[in-house]
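I opened this entry to record what I looked up. The notes follow in the order in which I made them.

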2 protein chains.
Amino acid sequence: MSRVGISKFIFLPMAEPDLGEMERGNLNEAVIDNQIGVGRFIGDFERAWAEYNKMLYGVACNSGTSALHLAIKASGAKKILMPNLTMAGTVWGAHYEGLDIDYMESSPDVPGNKCEITDHDAVVFVHLYGRKAYPDGYVAELKARFPKLIVIDDMAEAHGIMPEGDIACYSFYGNKIITTGEGGMCLTNNTKLADEMRSLANMYFDKERSMIHPKVGYNYRMTNLQAAIGLAQVERIDFILEKRRKIEGWYDKYLPEGVKLPKRDVLWFYDIKVPNAKKAQYYLKSQGCDSRRFFYPMSLQPWANGMKDTTGEKWYQHGLLLPTYNNMTEGDVKWVAELITHTISGYKRPVVI
Amino acid sequence: MSRVGISKFIFLPMAEPDLGEMERGNLNEAVIDNQIGVGRFIGDFERAWAEYNKMLYGVACNSGTSALHLAIKASGAKKILMPNLTMAGTVWGAHYEGLDIDYMESSPDVPGNKCEITDHDAVVFVHLYGRKAYPDGYVAELKARFPKLIVIDDMAEAHGIMPEGDIACYSFYGNKIITTGEGGMCLTNNTKLADEMRSLANMYFDKERSMIHPKVGYNYRMTNLQAAIGLAQVERIDFILEKRRKIEGWYDKYLPEGVKLPKRDVLWFYDIKVPNAKKAQYYLKSQGCDSRRFFYPMSLQPWANGMKDTTGEKWYQHGLLLPTYNNMTEGDVKWVAELITHTISGYKRPVVI
């Protein structure tokens, strides 16, 4: 189990941002302008990210959780259908608002979600671990059947996939494909939803900033420093996605067949299935390599609504995310793959979920 | 109405951050460390700010609104007494939680608040416009009478005043005495409250980060970039407060007597009373000078509970905040004071509130 090739780290991390000259240059400009909170990069970042994703409006905010909350609140939904296998931040906005929540099974290896709309006002799709949550054109069909349904895309783990819903929500947390450290954004083509989300995120100030707030709002503002980095990341995203595609290729090459999952549309963290994710994680940690379990399904969380989802529960037992970031070398990936090979060596049968 | 002496601005702003070499140096270090989200400056900033305010624990977060929400939620209060004349961010946490809210009159020129505790679990004092909200020792007396009462201090406008309650909440928004652009912090001596606020602010991850969240949480994290600036600001706060003390002296010197309010403990924005705040603001704007109305009392907000507070309403009609920031020159202040003198020239009687 040689660590040759791992030059930089004593402990191989899950993720690290890839900051280039452009990010540093923008940051310097923001400081020189004396604009560390409100500032000109915010609008630029919003426009650049909207344009990249072929949407009209961007509303920057301080996290992916905030973005989802803004979208859910602006949708006006009373009853909502949400994914079960996801990060809790996806669903918390609906909890804050006290909505009536139904969960649907979601899985990283099946294209499309089991989406059964009845009397729901909104639905959230999570594009899990870099795979598009629905087939192309699916949302248009759904909207044709349910014209009033608001479709929200959770794109936190899928920067680069083109969203098809009414509102696309992004996280730019430090481990995301492009990052602002902490940060988020909502994209939409709907002027009314964009205005509402922008007002909610900025304390619902009235136009004259007279200290009258027509509604209860939030301080979900992104800073100019974050946006300065974000703008540069958007300009470099094609390069970043290409680099990650290469890392995916290395994992494909060195990992044993039994652990592999279907190809991703974009690479966030490389995800695998192993006989025992908890044991594998401990072993990797003991060898100096970080990893993450799959998300703990919403149905199992202590504040859950009692839904039963055996598929989601199995994914939690078997799913593992491996270190993935731009500065990884082929040697790093090969070493992680060797550790994984070692963890499954005692098991005879492949994992079936 | 000469603008001689105003060298930098076409429009004289309300506020601008005072960033020095130390802030820039810390920011550079954060970028060199590749720590733009999570990072080492956060703990350093928390410890430095706690120490400066003679408290044990600091929990950094992304805004003053978040800080208040964390404090209110961690207090476990069901019924809360809140200030009426304040920024809406003070009270929104209680709205998010659906608490039973009573409001008390609060005023910038009277030391002490009209605080009538009955069956409240918590009370929030706002240290409005740089003046301490209660006499020294008042909180200890209150706690002796109501041992279970949680006392929360809103210190957003009063950096440098020593808080006496259970939890002190700070905003470090761009216009505050010390700033991180956007940002906030809770200080407390109570280990349990500190742990609870830290968990709530960081998505209530369990210790092993196993993706199980024992409670519904929030992403209220501060970034390392913000903390890098904040740490430097704490180290420079005595210098910053001294500079602002000088600006207060200039306003005292050049403003007409009738508009002046009692001395402040620390200077945030210099506050005055004028016959008609709305007209004064329009006039100042027409001359190229920014200003802010006093807060619109909570009792008058569209989402208010119907309480009547004529004092708060009067303050909104007559109160005005004048530009205040470290890089102001005596010439800037003199010019603003001349504009104010002009606005009250038609009025014969002083304003009585």
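**Helices on the sheet**

I started with helix H3 (residues 64-75) of chain B, which lies across S1, S2, S4, strand S5 (150-154), strand S6 (167-171) and strand S7 (184-188) of chain B. Helix H3 of chain B runs at about 160° to S6(B). I noted that the model is a predicted one.

Next I took helix H4 (residues 89-96) of chain B, which lies across S2, S3, S4 and S5 of chain B. Its angle to S2(B) is about 160°.

**The sheet**

I then looked up the strand order in chain B. The sheet is open, has seven strands and reads S1-S7-S6-S5-S4-S2-S3, with mixed pairing. Strand S1 (57-61) and strand S3 (100-104) of chain B are at the edges with a single partner strand each, so one side of each has no neighbour in the sheet. On average, neighbouring strands of this sheet are turned by 20° against each other, direction ignored.

I picked one pair to check. Strand S2 (residues 79-83) and strand S4 (residues 122-126) of chain B pair in the parallel sense over two bridges. In S4(B), Val123(B) is the residue that stands opposite Leu81(B).

Technical notes. Residues are numbered from 1 along each chain as its sequence is written. Chains are lettered from A and ligands numbered from 1 in the order in which they are written. This is a predicted model: local features need pLDDT of at least 70, side-chain atom pairs count only at pLDDT 80 or more; totals for chains, interfaces and linings use all residues. Side-chain values use heavy atoms; hydrogens and water are left out. Two strands pair if DSSP finds at least two bridges between them. Helices (H or I, at least four residues) and strands (E, at least two) are DSSP runs, numbered from the N terminus. Axes are lines fitted to C-alpha atoms, for helices over the stretch in contact, and angles run from 0 to 180 degrees between N-to-C directions. Contact means heavy atoms within 4.5 Å.
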